[in-house]
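Hi there,

Here is the structure I said I would pass on.

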Amino acid sequence: MGVRRCGLVFLLLLGACAGGAEPPATSVSPEAIAARSRADIGRLQTVQEPLRGSIQTWLNGVGLARLDADLWQARLDRTCAEEFWVNTGALHALADEFVAADEAFVAADPVLAAMHVDRPPTDKSSAYVSLWTMALNNCRHLVPPGVVANGPPDLDRGQ
């Protein structure tokens, strides 16, 4: 099993392994969580690269399991259209929007909510860097070579 797949399995099962913590008020069986994790991993494996890697970047960097390939393609196309490499304000706004939408999506699904019950608050700087990386992989042909060589800017400052 590759490192990426192991990381995905770890994050998807993280909610199932709440070390001694009380189960959430809307308890979901461990079997339901395991079945959902297997289904999500299987569905993600059907996504073509580089989009699969981008979705895994979001999952690993932000910790939110939103695996819909069509949704992510549309999000990345929007991010590229905003010229994220020169417009960090747009990158911040889009990442904040995507995090809020994904948190609402997770909260509305009882199994996902159970899987994410012990998830810490979203680290916004991780969301910004993750989205920058994902968008770069989506539209590298639009980004000047110097930007690629320099890597992501200091996204904490909102330049």
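Glu83 is partly exposed, with a relative accessible area of 42% (buried means under 20%, exposed over 50% and partly exposed in between, using a 1.4 Å probe and protein chains only). Glu83 sits in the loop between α4 and α5, and its phi is positive, about 50 degrees, although the residue is not a glycine. Helices here are DSSP runs of H or I with at least four residues, strands are E runs with at least two, and both are numbered from the N terminus.

Before you go further, please note that this is a predicted model, in which local features need pLDDT of at least 70 and side-chain atom pairs count only at pLDDT 80 or more, while totals for chains, interfaces and linings use all residues. Residues are numbered from 1 along each chain as its sequence is written, and side-chain values use heavy atoms, with hydrogens and water left out.

On the overall picture, the protein has eight helices and zero strands. Of its 159 residues, 38% count as buried. Taking contacts (heavy atoms within 4.5 Å) with a separation of 6 or more, 72% are between residues 24 or more positions apart.

If you click on Phe84, you will find it touching Thr79, Leu91, Trp132, Ala135, Leu136, Cys139 and Val143, not counting residues up to four places away in sequence.

Now for the helix packing. The axes of α4 and α5 come within 10 Å and cross at roughly 160 degrees; axes are lines fitted to C-alpha atoms, for helices over the stretch in contact, and angles run from 0 to 180 degrees between N-to-C directions. The two helices α4 and α5 are therefore roughly antiparallel (angles under 35 degrees count as roughly parallel, over 145 as roughly antiparallel, 65 to 115 as roughly perpendicular and the rest as oblique). On the α4 side, Trp72, Arg75, Arg78 and Thr79 meet Leu91, Leu94, Glu97, Phe98, Ala101 and Asp102 of α5. By class, this contact of α4 with α5 has five nonpolar, one polar and four charged residues, where Ala, Val, Leu, Ile, Met, Phe, Trp, Tyr, Cys and Pro count as nonpolar, Asp, Glu, Lys and Arg as charged, and the others, Gly among them, as polar.

Arg78 is worth a click too: it lies in α4 and counts as partly exposed, at 38% relative accessibility. Leaving aside neighbours within four places in sequence, Arg78 is in contact with Leu94, Glu97 and Phe98.

Helix α4 also packs on α3, at an angle of about 85 degrees with the axes 10 Å apart, so α3 and α4 are roughly perpendicular to each other. Leu51, Ser54, Ile55 and Trp58 of α3 make this contact with Ala69, Trp72, Gln73 and Leu76 of α4. Six of these residues are nonpolar, two are polar and none is charged.

Best wishes
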